[in-house]
Amino acid sequence: MFEAVLFDLDGTFADTAPDLAAALNRLRSDLGLAALPAARLRSLTSQGVRGMLKAGLDMQPGDPDYAEFHDRFLLYYSQDICVGTTVFPGIDELLGGFERRGSPWGIITNKAQRFTLPLLNQLGYAKRAACVVSGDSARRAKPAAQPMHLACALISREPARCLYVGDDLRDIQAGRAVGMATVAVRYGYLGDGAPIEAWGADHLVDDAREIAALAGIY
């Protein structure tokens, strides 16, 4: 039986795409450009600012104005970080099951702490999480192993007794690097790289409720 479940944040635990798309469209409005449909940007959400600026402005690191637009994007996002964001269906029920069993759950994300904690607080989960490991909490972010080890230390659980749930190849690589059982979610953002079936996850699920069965909750 797994003793804990740990989640990636964007695209796995919470659907943050609407607010990230809104921040990008504010940038486009600054430039006199029309808004892009959120659906067009959704798959790139897990790639963070870099993916959003590439998709929305055809801009990438090294371009003359990249740093300015990177910082402005994050400013706009921080101002409206939890307007359209919600947790995915089944997440709250899953967490309740773990809490009733006395098992910890937590977050391991590449999102910076200055965004992670306010978002979880506004969603109402910050105080319920046994650990929140952000992209700047450890020396290196996922797919490196350091954030995974840090989370396990914070919840006092061995990696082999934990499930790690994600929607990006980096999530699966990070979980496998420390011996966690890995779950890839088809409902997530998934990126534009290799198909989810090629990531090497131990389990694939279509719905967060399926994670409960893997964890032995219900």
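1. In this predicted model, the C-alpha centres of domain 1 and domain 2 are 24 Å apart. The contact between them draws on 16 residues of domain 1 and 14 residues of domain 2. Domain 1 is made of two stretches, 4-15 and 85-215, while domain 2 covers 16-80.

2. The size of an interface is often expressed as the accessible area lost when the parts come together. Here domain 1 and domain 2 bury about 1,200 Å² between them. Carbon and sulfur atoms account for 48% of that area. On the domain 1 side, Thr-85, Phe-115 and Tyr-189 together provide 44% of the area buried against domain 2, more than any other three residues.

3. Which side chains form a salt bridge at 3.1 Å, N to O? They are those of Arg-42 and Asp-15. The rule finds one salt bridge across the interface of domain 1 and domain 2.

4. Polar contacts also cross this interface: nine residue pairs are found, with both residues of each pair at pLDDT 80 or more. Turning to secondary structure, strand 2 (14-15) and helix 6 (113-123) are the elements that each give two or more residues to the side of domain 1 touching domain 2. Helix 6 gives the most, with three residues.

5. How do the residues on the side of domain 1 that touches domain 2 divide into nonpolar, polar and charged? Eight are charged, six are nonpolar and two are polar.

Key: Residues are numbered from 1 along each chain as its sequence is written. This is a predicted model: local features need pLDDT of at least 70, side-chain atom pairs count only at pLDDT 80 or more; totals for chains, interfaces and linings use all residues. Side-chain values use heavy atoms; hydrogens and water are left out. Domain bounds come from an automatic or database domain assignment. Contact means heavy atoms within 4.5 Å. Buried area is the accessible area (1.4 Å probe) that two parts lose on being put together, summed over both. A salt bridge is a side-chain nitrogen of Lys or Arg within 4 Å of a carboxyl oxygen of Asp or Glu. A polar contact is a pair of N or O atoms within 3.5 Å; within protein, one must be able to donate a hydrogen and the other to accept it, and residues adjacent in sequence count only if both atoms are side-chain atoms. Helices (H or I, at least four residues) and strands (E, at least two) are DSSP runs, numbered from the N terminus. Ala, Val, Leu, Ile, Met, Phe, Trp, Tyr, Cys and Pro count as nonpolar, Asp, Glu, Lys and Arg as charged, and the others, Gly among them, as polar.
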